[in-house]
Amino acid sequence: MALNCSTFSRLILGAQAAAEACTKRAVHLTCGRYRVCRWYSGVTHEENRVEQVGELVVPGSHRRILKDVLPFSAFLMDSFGRRHNYLRISLTEKCNLRCQYCMPQEGVMLTPRSQLLTAEELLTLARLFVREGVNKIRLTGGEPLIRPDVLHIIAELRKLEGLKTIAVTTNGMNLTRLLPSLKTAGVDLLNISLDTLVPAKFEFITRRKGFHKVMEGIEKAIEMGYNPVKVNCVVMRGLNEDELIDFVSLTEKKPLDVRFIEYMPFDGNRWNFKMMVSYQEMLDCIKQKWPNLEPVPGEETDTAKAFRVPGFRGQLGFITSMSEHFCGSCNRLRITADGNLKVCLFGNSEVSLRDFLRSGATEEELLHIIGTAVGRKKKQHAGMFNISQMKNRPMILIGG
């Protein structure tokens, strides 16, 4: 719903005041043996970008001022020094599957189309985030490949200077048909959701048929040179934890990165702690088969703990959001299909960038709003048991 001028003015003034209070802060970062203290003024975008002065404290109490010691936008850095250079954008709330851990059995109330981001609005926000330092965008859903203009959106994103990686997370149902066009448009990375290798179990988990379409999509992606092809598997006790060995075996001859995801609580998915199989339990099970399983070094901001069976072509990983959170290195922000900015997957705090866009906010004003939200990001999520009691969207409406 559009905001009137009076309401909009109050929101802008409040956001600017909060942004100034939030961004006028010192961020302490360690760089080798040096301790860097950097202040952000929050007065204007130009000052935040140009007058970013670092105070370098060197041994012996000698001090000197350095210009642009850490050239990253203040609006995308939180109070704990985390740089958010990875943006996930949900293209749609719709999906052609009904996965049990993602969507309530009764379905979800979809947002009216008029309240969803248009392609133009989505690209406006993407340009703004990329200009500030985002270099990776992942398109999610719902199921992003059912959006009619998905190829146009990808092609336009590909034109953004500074954007290094465009990734897509898909359930694979439409992948075989669209893959040549996706590659031409500029998709760099593919994540394909697959929670079982048993067709009948696939139908039970997703409440739809389509197992063979997904497998065909995975094979097509490998054929077209995607390496690795990431396969996301949500592990649930009593449902598919008996297939861990079968999934790892897929990595022997194929360039797959199978990622086992701990079952996470979202509204309507009837999360139960007893159904969650922890990372350590999964790892112990796999090591019984392959005791020589070896860790694979990764980047600080990686969400998965990676491993490889020696001699296997692919690898496996564990996303341990519940048992061993990785909040300290989080570099991700999310925009929902209806235009809300979420700074944490498990947080219930959101701000509508859509409403500000449609009320005529300038880029400067949008940046202050974004900076305020990022600045309020908490050190870590509330923990698995508290999360399960918190009000949040169903995963399908988040783009998780």
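Predicted model: local features only at pLDDT ≥ 70, side-chain atom pairs only at ≥ 80, totals over all residues.

Colleague: What share of the residues counts as buried?

Modeller: Of the 400 residues in the protein chain, 55% count as buried. The term buried means under 20% relative accessible area, exposed means over 50%, and partly exposed lies in between (1.4 Å probe, protein chains only). The chain exposes about 18,300 Å², of which carbon and sulfur atoms supply 53%; the areas come from the Shrake-Rupley method with a 1.4 Å probe, and for residues only the protein chains shown count as cover.

Colleague: Why is Asn232 called buried?

Modeller: Asn232 has a relative accessible area of 9%, so it is buried. Asn232 lies in strand 9 (residues 229-235). Not counting residues up to four places away in sequence, Asn232 touches Thr169, Asn191, Ile192, Ser193, Leu194, Asp195, Arg259 and Ile261, where contact means heavy atoms within 4.5 Å.

Colleague: What makes Arg88 buried?

Modeller: The relative accessible area of Arg88 is 10%, so Arg88 is buried. Arg88 is found in strand 5 (residues 86-90). Between Arg88 and Thr169 there are 9.9 Å in space, C-alpha to C-alpha, and the two are 81 residues apart in sequence.

Colleague: How do you know whether Ser114 is buried or exposed?

Modeller: Ser114 has a relative accessible area of 55%, so Ser114 is exposed. Ser114 sits in the loop between strand 5 and helix 3. The C-alpha atoms of Ser114 and Asp338 are separated by 9.2 Å, although these residues are 224 residues apart along the chain.

Colleague: Why is Arg207 called partly exposed, and what is noted about its phi?

Modeller: With a relative accessible area of 27%, Arg207 is partly exposed. Its phi is near 60°, a positive value in a residue other than glycine. Most residues other than glycine have a negative phi, and most peptide bonds are trans. Arg207 is placed in the loop between helix 6 (199-206) and helix 7.

Colleague: Where are cis peptide bonds found?

Modeller: One joins Gly141 and Gly142, with omega about 20°; another joins Asn227 and Pro228, with omega about 5°. Gly142 lies in the loop between strand 6 (136-140) and helix 4 (150-158), and Pro228 in the loop between helix 7 and strand 9.

Colleague: Why are helix 3 and helix 11 called roughly perpendicular?

Modeller: Helix 3 (residues 119-132) and helix 11 (residues 363-375) pack at an angle of about 70°, with their axes 11 Å apart. Axes are lines fitted to C-alpha atoms, for helices over the stretch in contact, and angles run from 0 to 180 degrees between N-to-C directions. Angles under 35 degrees count as roughly parallel, over 145 as roughly antiparallel, 65 to 115 as roughly perpendicular and the rest as oblique. Helix 3 and helix 11 are therefore roughly perpendicular.

Colleague: Which residues of helix 3 and helix 11 meet?

Modeller: Leu128, Phe129, Arg131 and Glu132 of helix 3 meet Glu363, Leu366, Leu367 and Ile370 of helix 11.

Colleague: What makes helix 4 and helix 5 roughly parallel?

Modeller: Helix 4 and helix 5 pack at about 20°, with axes 8 Å apart, and they are therefore roughly parallel. In this pair, Leu151, Ile154, Ala155 and Arg158 of helix 4 meet Ser181, Leu182 and Ala185 of helix 5.

Colleague: How do you know the relative direction of helix 5 and helix 7?

Modeller: The axes of helix 5 (residues 175-185) and helix 7 (residues 211-223) come within 9 Å and cross at roughly 25°. Helix 5 is therefore roughly parallel to helix 7.

Note on methods
Residues numbered from 1 in each chain as written. Heavy atoms only, no water. Helix = DSSP H or I, 4+ residues; strand = E, 2+ residues; numbered from the N terminus.
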